[in-house]
Amino acid sequence: TAGSKLEEKIVEHDAFIDATMLTLIENRITTEELQSSPDMKAVNGLKLLHKRLKKVLDRRNATPSLRLLDDCMALFTFSEDFARPLGGHFYDEIDERAVED
């Protein structure tokens, strides 16, 4: 699925995820939104990507105790429709339904 491919790429390129990358994505979102006829699928996809990469960066910069708390919460927190963890390393899987109009 798109979500699992994204997770593979995030793990593969983890070293390149930083505040500069997040700023670049934010600027791209702003640019697309300012277009006379913005592609809302692209905007929504970029927003989801930004959110996912921010979580990776936040987790990397978190203290060990906060990462442990995130892992524990992932064991007990489930989304209503998928019964999968929301926290931890594999949370916020992005799939085709997330970028629909």
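Me: At the start of H3, which residue has a side-chain oxygen that reaches the backbone nitrogen of Lys41?
Reply: In this predicted model, local features need pLDDT of at least 70 and side-chain atom pairs count only at pLDDT 80 or more, while totals for chains, interfaces and linings use all residues. Residues are numbered from 1 along each chain as its sequence is written, and side-chain values use heavy atoms, with hydrogens and water left out. A polar contact is a pair of N or O atoms within 3.5 Å; within protein, one must be able to donate a hydrogen and the other to accept it, and residues adjacent in sequence count only if both atoms are side-chain atoms. The oxygen lies within 3.2 Å of the nitrogen of Lys41, and the residue that carries it is Asp39.

Me: In what order do the elements of the protein run from the N terminus on?
Reply: Helices (H or I, at least four residues) and strands (E, at least two) are DSSP runs, numbered from the N terminus. The protein has four helices and zero strands. The order is therefore α-α-α-α.

Me: How many Å does H3 reach from its first C-alpha to its last?
Reply: The expected span of a helix is 1.5 Å times one less than its number of residues. H3 covers residues 40-61, which is 22 residues, with an expected 32 Å. The reach in the model is close to that, at 31 Å.

Me: Which helices are included in what covers the buried residues of H3?
Reply: Buried means under 20% relative accessible area, exposed over 50% and partly exposed in between (1.4 Å probe, protein chains only). By that rule the buried residues of H3 are Val43, His50, Arg52, Leu53, Val56, Leu57 and Arg59. Their cover includes H1 (2-12), H2 (19-33) and H4 (64-76).

Me: Within what arc do the buried residues of H2 fall?
Reply: Leu22, Ile25, Ile29 and Glu32 are buried in H2. Seen down the helix axis, with directions taken from the axis to the C-beta atoms, they line one face, because their arc is within 90°.

Me: Which helix do the buried residues of H2 pack against?
Reply: On the other side of H2, Ala19, Thr20 and Leu24 are exposed. Contact means heavy atoms within 4.5 Å. Ile25, a buried residue of H2, touches Leu46, Leu49, His50 and Leu53, not counting residues up to four places away in sequence. The buried residues of H2 pack against H3.

Me: Is Glu32 buried or exposed?
Reply: Glu32 lies in H2 and touches Pro38, Asp39 and Val43, not counting residues up to four places away in sequence. Because its relative accessibility is 11%, Glu32 counts as buried.

Me: How far does the backbone oxygen of Ile17 lie from a polar atom of the side chain of Arg60?
Reply: Arg60 is in H3 and counts as partly exposed because its relative accessibility is 35%. Arg60 and Ile17 are 43 residues apart along the chain, with C-alpha atoms separated by 9.9 Å. The distance from the backbone oxygen of Ile17 to the polar side-chain atom of Arg60 is 2.8 Å.
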